[in-house]
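Reader: I would like to learn how to read a few features in a structure like this one. Could you take me through them step by step?

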Amino acid sequence: MTHTRVELNNFFAEVQYKALRQAEISLGNRDEAFDILQDAMIRLAEKYTDQPEDWPKLFQRILQNLIRDWHRRKKVRSILVWWNQVSDEKNSVEETLAEETIEKNDKGLNVLEPESRHSLHQISDRIKEAVQQLPLRQQEAFWLRAWWGHDVAETAFAMGCTEGSVKTHYSRAVGRLRKLLGEFEL
């Protein structure tokens, strides 16, 4: 295995969780999200192995294009995709949200109190539903800026649009999410 291949594998290991969740929530289907994530990784590996400094932004552009293409195909075929609940808590948003509410039990193991677990499931469900209500371009801007922490230029590159468009899409997404999730004080 070459040095670049090891670096590429490390890059994929670093981004795969967030990319999968991003695709999963955008598509509403975990299996489709896995397929898109795998396609994005393959395309990056096939075409851009020699550009490690550009992998983050190239990967995002490929991922966004694949997600956008999936949505286009969905409209053309008139396929209705129902949201599948995530059963694997290790890969769920609830685990991320739970980090601050985990306590130690009498054996010193981390536990989440039932009331906290229920609240986190409710919050997670509400956030997923709210993000799914956003138009696709607003979802993309939201994921890239809020979830991935990309700046405006990186987001514009990944979305294939201007920085002004990113600012508009992101602002509208945050505004809409504030209305939809008002009780959570975003």
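Predicted model: local features only at pLDDT ≥ 70, side-chain atom pairs only at ≥ 80, totals over all residues.

Reader: Is Lys57 buried, exposed or partly exposed?

Author: Lys57 has a relative accessible area of 33%, so Lys57 is partly exposed. For a contrast in the label, take Trp70, which sits in helix H3 (residues 55–77) and counts as buried at 5% relative accessibility. Trp70 lies 8.6 Å from Ile36, C-alpha to C-alpha, although 34 residues separate them in sequence.

Reader: How many salt bridges does the structure hold?

Author: First the general idea: a salt bridge is a side-chain nitrogen of Lys or Arg within 4 Å of a carboxyl oxygen of Asp or Glu. The structure holds 6 of them. One joins Asp54 to Lys57, with the closest N and O atoms 3.7 Å apart.

Reader: Where do Lys128 and Asp125 sit relative to each other?

Author: Helices here are DSSP runs of H or I with at least four residues, numbered from the N terminus. Lys128 and Asp125 are 3 residues apart in helix H5 (residues 114–133), so about one helical turn separates them. Their side chains meet in a salt bridge, 3.7 Å from N to O. Within this pair, Lys128 is buried at 4% relative accessible area, and Asp125 is partly exposed at 24%.

Reader: Which residue forms a salt bridge with Arg137?

Author: Glu140 does, with the closest N and O atoms 2.9 Å apart. Both residues lie in helix H6, 3 residues apart, about one turn of the helix. Salt bridges that share partners also join Arg21, Glu24 and Arg30 into one network.

Reader: What is the span of H6 from its first C-alpha to its last?

Author: A helix is expected to span 1.5 Å times one less than its number of residues. H6 (residues 136–147) has 12 residues and reaches 15 Å, close to the expected 16 Å. Its buried residues include Phe142, Trp143 and Leu144. After H6 comes Gly149, whose phi is positive, near 75 degrees.

Reader: Which residues of H8 are buried?

Author: They are Val166, His169, Ala173, Val174, Leu177 and Leu180. These residues cover an arc of only 130 degrees around the axis, which puts them on the same side of H8; the arc is that of the directions from the helix axis to the C-beta atoms. On the other side of H8, Lys167, Arg172 and Lys179 are exposed.

Reader: At what angle do the axes of H7 and H8 cross?

Author: Axes are lines fitted to C-alpha atoms, for helices over the stretch in contact, and angles run from 0 to 180 degrees between N-to-C directions. The axes of helix H7 (residues 152–159) and H8 come within 8 Å and cross at roughly 95 degrees. Angles of 65 to 115 degrees count as roughly perpendicular, so H7 and H8 are roughly perpendicular to each other. Contact means heavy atoms within 4.5 Å, and among the residues that meet are Val152 and Met159 in H7 and Glu163 and Val166 in H8.

Conventions:
Residues numbered from 1 in each chain as written. Heavy atoms only, no water. Helix = DSSP H or I, 4+ residues; strand = E, 2+ residues; numbered from the N terminus. Buried < 20%, exposed > 50% of the residue type's maximum accessible area, 1.4 Å probe, protein only. Parallel < 35°, antiparallel > 145°, perpendicular 65-115°, else oblique.
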